[in-house]
Amino acid sequence: MTERFGSYQNEIYLQGYGGTTPAFTTDATRLEESAADLLEPGPFWYVAGAAGSGATARANRAAFDHWRIVPRMLTDATERDLSTTVLGTELPAPVLLAPVGVQSIVHPDGELATARAAAGLRLPMVLSTASSHSIEAVAEASGDGPRWFQLYWPNDPDVCGSILRRAKEAGYTALVVTLDTWTLGWRPADLDGAYLPFLNGDGLAVPFTDPAFRSLLEKTPEEDAPTAILRWISMVTGTDRNWSALPFLREHWDGPILLKGIQHVDDARRAVDAGMDGIIVSNHGGRQVDGAVAALDMLPEIATAVGERATVLFDSGVRTGADVLKALALGARAVLVGRPYVYGLAHGGEDGVRHVLRGLLADFDLTMGLSGHRTVTELDSTVLRRV
Ligand SMILES: Cc1cc2nc3c(=O)[nH]c(=O)nc-3n(C[C@H](O)[C@H](O)[C@H](O)COP(=O)(O)O)c2cc1C
Ligand SMILES: O=C(O)C(=O)c1ccccc1
């Protein structure tokens, strides 16, 4: 079905902000600035922050500027169909909600509100293992909306198997395995405030409600939270999960599996050779390796190497409709967006997330039409110029 995402523009022009829409900006830069006014410094910097000097986070944005769209005229792009299918999930537009943990630090409803907004738009939410609400509660909030699950890979096979089983039973269809965060990067803004959300107990709903995890503890997490927290952290950190352990995930998950945090073309090839269904080209929004290459700069090479053998998704720095168009033209099947929807959540819970996403979709829809494209299948590198 063709959705008229661009009509959100009329809604805003005709009624103003605060009419049928929440009263805050859809501009990504101003949105971040107003989130800074709204949130306590700890949570704000946890979301906005990056590794080290922030060079990679800035490079992620700057990389989009090196590509420019070359619009075409009189192509009959009045009616657009932005829909696509990603690993069996039908999307009205090529956008997913990136897995973001500990969402309760910006809004008490956290992932529940995000799930409702995503489901209403039929965009897949990728639920983080570091969720503030349980797998099952977020699934219920999603209703019949599409949902994927992101794994921080516990080295205990029983706990890993149990979490995957719960996700499957709760209706999550695809599994995203994050590889780039086996320990947290050096993040000065968080270190300045000595702010680490899960040490306050946030983002632990998944292990704390997990029977296999609980059975390993002498005292329940309710009786002795610090011990449970440290046990969990030690389970999901470390490099002892390796390429040869991927068959374990395949055995415990009967849907598509994607590896997230792929930045080198040889790792992309390796993922394909290991039988993975997809990869997410990402540097975690610049939060892990300061000085790492911009994610977009690796996308064309990786997409070419992978070809049709697996699905290539992209995140890190997507802020506008033009960014979505460019990432697709450079080989991504769809993109994930992170921080912007979290700022929407901070501003207005479910309505706030919806507002940010509808703004992005409208921008993408209008940018597609005005550059002369009716469907996402038309996009390839010939629609861009490198400058
Ligand atoms: C506050 C925050 C928490 C995140 N938590 C997770 C997580 O739990 N799992 C994960 O795979 N990625 C996590 N990410 C990374 C995002 O999935 C995504 O890669 C990144 O935010 C994309 O960049 P963008 O924010 O520039 O759009 C997190 C990002 C942020 C900002
Ligand atoms: O902060 C992050 O980037 C992240 O991925 C994470 C990891 C553990 C818990 C919460 C978020």
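Tutor: A crossing is left-handed if the near helix is turned anticlockwise from the far one by less than a right angle, and right-handed if clockwise. Helices (H or I, at least four residues) are DSSP runs, numbered from the N terminus. The crossing of helix 5 and helix 16 is left-handed. This is a predicted model, in which local features need pLDDT of at least 70 and side-chain atom pairs count only at pLDDT 80 or more, while totals for chains, interfaces and linings use all residues. Residues are numbered from 1 along each chain as its sequence is written, and chains are lettered from A and ligands numbered from 1 in the order in which they are written.

Student: Why are helix 5 and helix 16 called roughly parallel?
Tutor: Their packing angle is about 15°, taken between N-to-C directions on a scale from 0 to 180 degrees, with axes fitted to C-alpha atoms over the stretch in contact. Angles under 35 degrees count as roughly parallel, so helix 5 and helix 16 are roughly parallel to each other.

Student: What makes the crossing of helix 13 and helix 14 right-handed or left-handed?
Tutor: Helix 13 passes helix 14 in a right-handed crossing, the clockwise case. Their axes cross at roughly 30° and come within 9 Å.

Student: How many residues surround ligand 1?
Tutor: 22, with Ala98, Gly101, Ser128, Gly285 and Gly338 the closest.

Technical notes: Helix = DSSP H or I, 4+ residues; strand = E, 2+ residues; numbered from the N terminus. Parallel < 35°, antiparallel > 145°, perpendicular 65-115°, else oblique. Near = placed C-beta within 6 Å.
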